[in-house]
Amino acid sequence: MLSNHFQNGVETVRHAWSRIPNSEESQFVDDAVGLVRKSDGSSVESLDYEVIENFAYREEQARRGKLYVSYLLVVKWLFALLIGIGTGLAAVFINLSVENFAGWKFSLTFSIIQKSYIAGFLLYALINLVLVFSSVYIVTQFAPAAAGSGIPEIKGYLNGVDIHGILLLRTLIGKIFGSIGSVGGGLALGKEGPLVHTGACIASLLGQGGSTKYHINSRWFQVFRSDRDRRDLVTCGCAAGVAAAFRAPVGGVLFALEEVTSWWRSQLMWRVFFTSAIVAVVVRTAMGWCKNGNCGHFGSGGFIIWDISDGQEDYSFAELLPMAIIGVIGGLLGALFNQLTLYISSWRRNHLHKKGSRVKIIEACLVSLLTSIISFCLPLLRECSPCPESDPTSGIECPRPPGMYGNYVNFFCSSDKEYNDLATIFFNTQDDAIRNLFSAKTIHEYSSQSLLTFLVMFYTLAVLTFGTAVPAGQFVPGIMIGSTYGRLVGMFVVKYYKKLNIEEGTYALLGAASFLGGSMRMTVSLCVIMVEITNNLKLLPLIMLVLLISKAVGDAFNEGLYEEQARLRGIPLLESRPKYEMRNMTAREACGSGRVISLPRVVKVSDVVSILRSNKHNGFPVIDHTRSGESLVIGLVLRSHLLVILQSKVDFQHSPLPSDPRGGDRSIRHDSHEFAKPVSSKGICIDDIHLSPDDLEMYIDLAPFLNPSPYIVPEDMSLTKVYNLFRQLGLRHLFVVPRPSRVLGLITRKDLMIEDTENVNTLELQSTSVRNRHHNKRPTTRNSDVERPLLNGLLVGSE
């Protein structure tokens with residue numbers, strides 16, 4: 001019977017393995033770490049953060065009253081609340097699962113190695129292999145966009161780049177369960193980056209009312225459908241992810257502000273802060289419930305907080321030199337880490353991952369086996385050390401009882417009063433290993449040989465593991481690496497300075513901050529996060545010092561980790577500063593020599609179909625002619641809007657003349673939500689629209705659908721100013737026109753100071769100058785056509 005069950009199990013695994021494609025059969029699976037690629041060959045698309053003020057939008061805004069504006073405000077705060085609760089619960093679930101899997105794994109292994117170390121190693125490696133295999137299988141077969149940390153993709157999204165698949169429901173599920181498998185499997189990675197991606201997915205799904213593909217949606221939540229509104233929700237989700245990972249609500253807000261967003265405003269700050277506060281409440285409530293023994297091996301730990309408030313109280317001026325050295329080391333090792341991971345990730349993309357999903361699975365399993373061999377076998381080669389004299393007030397027991405892990409682990413020791421310092425940090429969960437490295441009152445717990453061995457091997461494992469097809473964060477591995485060499489420096493400081501108040505754990509903390517600063521190049525948010533997770537405000541000046549030094553050293557060699565990975569994956573990020581060469585370039589030079597494809601105001605349906613099929617442009621200028629025959633740019637129409645018009649067919653007309661919207665309800669045939677791009681699908685494609693020969697002979701008046709007020713710059717404006725305008729406003733298109741021949745008016749600060757009694761919601765809809773609201777109106781121009789808004793002039797004054 002047992003042999004039959006075993007044979008059936010083998011056949012089941014063999015059948016599942018045979019179903020894994022050996023090449024990239026799915027059109028959405030990228031050859032790297034889960035980036036998706038559309039069927040047309042493009043993997044990214046820009047987002048429409050600009051408000052498209054077409055006629056449908058204006059009519060909808062005109063119908064909205066103060067009550068509806070108040071309703072939208074309440075819904076925004078409700079969404080912030082739900083994002084915080086959802087992200088907090090997801091973090092609780094991930095941490096509970098990871099800690100329990102790791103706890104069961106180490107408990108079983110420690111109980112078996114009391115009888116046989118070989119059997120203990122086989123069990124340890126098998127459990128890790130199963131967990132990692134489950135993670136990589138979920139990612140490669142179910143959610144390709146869940147691979148990696150997800151922060152470069154979310155940073156690109158908030159920068160205005162849409163990468164299809166990164167905010168889907170399946171990506172959220174793959175991120176959660178994939179993180180459990182990869183982190184619980186003992187790989188040299190963390191769950192913090194995936195938690196940021198998880199928070200962003202939860203925010204996006206709430207904003208669109210759920211998932212339409214899996215029929216999990218609600219009309220009550222489908223309020224914010226524009227990219228502009230989703231951007232604010234995703235920002236809240238990113239902050240919630242960091243707050244959930246580190247129990248650092250303020251650090252989460254600053255992380256969203258400093259690292260991932262390109263656009264910020266004070267109203268968003270309030271909602272992001274509220275979301276992070278809700279996450280902190282949810283997480284701490286769950287921790288309080290787990291302290292009563294309701295969470296298995298989780299207990300009161302697992303949320304990556306290392307309280308060193310009882311550590312070093314003060315520091316001398318002489319200690320600033322070794323602390324500055326820690327900052328230099330962090331900058332060098334962080335820059336080297338970025339460069340090595342860039343080379344290896346590039347090699348994976350170009351050679352290894354192109355061979356299919358099976359290769360990705362085999363690669364992750366081999367990395368898991370290598371990690372298990374190193375973490376189990378290296379401590380066996382290390383001689384045990386005698387336990388130091390016990391301090392009853394410290395609460396630390398040496399050695400730990402058999403079957404326990406933490407400080408002073410008895411691993412392959414001949415005496416009961418000995419411990420293995422290398423096993424204390426290697427054969428342990430990463431959270432507990434960091435807690436051991438940060439611990440105070442544990443001088444001489446580690447030898448320099450063990451720390452150096454761990455630093456070299458774990459650094460190598462972190463470089464090799466980064467880029468495998470599993471959800472992976474780099475915060476905790478960075479803290480592990482930095483705290484190791486920081487503790488090494490602290491050992492030398494204790495030895496040569498011979499001061500009793502110096503704690504090695506303090507230098508471990510500074511080392512962790514320096515490596516993260518040298519790799520990720522964050523300063524303010526990282527400084528606050530390190531203070532919040534250690535509960536020691538006295539070290540704030542020292543953390544600031546090492547962060548500034550490590551960032552300066554790292555910037556001398558390459559860019560930050562997320563920027564390097566974003567560039568490798570083809571995400572066109574617009575950084576905060578334009579390139580120096582742009583100072584000597586103009587907007588006209590940046591446009592290139594390609595011909596601008598434009599549309600007439602009244603265009604034939606067949607011409608629209610031909611233009612959409614012949615190119616991939618997403619925006620087209622619309623041209624009309626004045627009574628004198630002069631060409632006039634009247635606005636911009638988006639490709640997505642044209643596809644909606646072609647699919648509905650309700651706006652087709654037989655006449656090639658402009659339509660008159662005053663007759664009937666022609667102007668409100670489309671709602672503004674119809675033009676919103678769905679976030680969980682590809683949207684409408686021109687090949688999916690079927691038109692009859694009679695339809696192709698009809699016409700469309702584009703005036704009600706175009707954006708009559710796109711942003712325009714003169715052709716000789718410096719490219720630096722164009723860059724700043726484009727990035728800060730989150731634009732997708734920017735018109736470059738010849739220098740105008742006349743000036744209609746001049747707006748100054750006082751013209752924008754509107755009385756408080758005005759309705760803010762209607763003010764943003766006005767396309768005329770705000771000066772016209774003042775009692776002292778300026779003289780109008782002789783041309784009466786410019787006295788009214790352009791769009792109204794097109795719709796009402798057409799003949």
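How many residues lie between strand 9 and strand 10 in the hairpin that they form? There are five residues between the two strands, and Gly629, in the turn, has a positive phi of about 90°. The model is a predicted one.

- Three strands make up an open sheet with the order 7-9-10, and the pairing is mixed.
- The edges are taken by strand 7 (599-600) and strand 10 (631-638); each has a single partner strand, so one side of each is left without a neighbour in the sheet.
- In general, strands of a sheet pair through backbone hydrogen bonds, in either a parallel or an antiparallel manner.
- Strand 7 and strand 9 (residues 619-625) run parallel and are joined by two bridges.
- Within this part of the sheet, Pro600 stands opposite Ile623 of strand 9.
- Helix 23 (residues 639-648) packs on the sheet and touches strand 7, strand 9 and strand 10. The direction of helix 23 makes about 80° with that of strand 10.
- Seven bridges link strand 9 with strand 10, and here the pairing is antiparallel.
- Val622 has Gly635, in strand 10, as its bridge partner.

**The pairing of helix 4 and helix 12**

- Two packed helices are described by the angle between their axes and by the distance between those axes.
- For helix 4 (residues 117-141) and helix 12 (residues 357-380), the axes come within 9 Å and cross at roughly 150°.
- Because angles over 145 degrees count as roughly antiparallel, helix 4 is roughly antiparallel to helix 12.
- The crossing of helix 4 past helix 12 is right-handed.
- The residues of this contact comprise 17 nonpolar, eight polar and one charged.

- Thr235 is part of helix 8 (residues 227-246).
- With a relative accessible area of 1%, Thr235 is buried.
- Apart from neighbours within four places in sequence, Thr235 is in contact with Leu158, Ala256, Thr261, Trp264, Leu268 and Val272.
- Arg247 belongs to the loop between helix 8 and helix 9 (249-260).
- Most residues other than glycine have a negative phi.
- Arg247 has a phi near 55°, which is a positive value in a residue other than glycine.
- Arg247 counts as buried, at 9% relative accessibility.

**The loop between helix 17 and helix 18**

- Arg521 is located in the loop between helix 17 and helix 18.
- The phi of Arg521 is near 65°, a positive value although the residue is not glycine.
- Is Arg521 buried or exposed? Its relative accessibility is 8%, and Arg521 therefore counts as buried.
- Thr523 also lies in the loop between helix 17 (504-520) and helix 18 (524-534).
- Thr523 has a relative accessibility of 19%; because buried means under 20%, Thr523 counts as buried.
- When neighbours within four places in sequence are left aside, the contacts of Thr523 are Glu258, Leu547 and Lys551.

Methods. Residues numbered from 1 in each chain as written. Predicted model: local features only at pLDDT ≥ 70, side-chain atom pairs only at ≥ 80, totals over all residues. Heavy atoms only, no water. Axes fitted to C-alpha atoms, helices over the stretch in contact; angles between N-to-C directions. Helix = DSSP H or I, 4+ residues; strand = E, 2+ residues; numbered from the N terminus. Parallel < 35°, antiparallel > 145°, perpendicular 65-115°, else oblique. Left-handed = near helix turned anticlockwise from the far one by under 90°. Nonpolar A, V, L, I, M, F, W, Y, C, P; charged D, E, K, R; others polar. Pairing = 2+ DSSP bridges. Contact = heavy atoms within 4.5 Å. Buried < 20%, exposed > 50% of the residue type's maximum accessible area, 1.4 Å probe, protein only.
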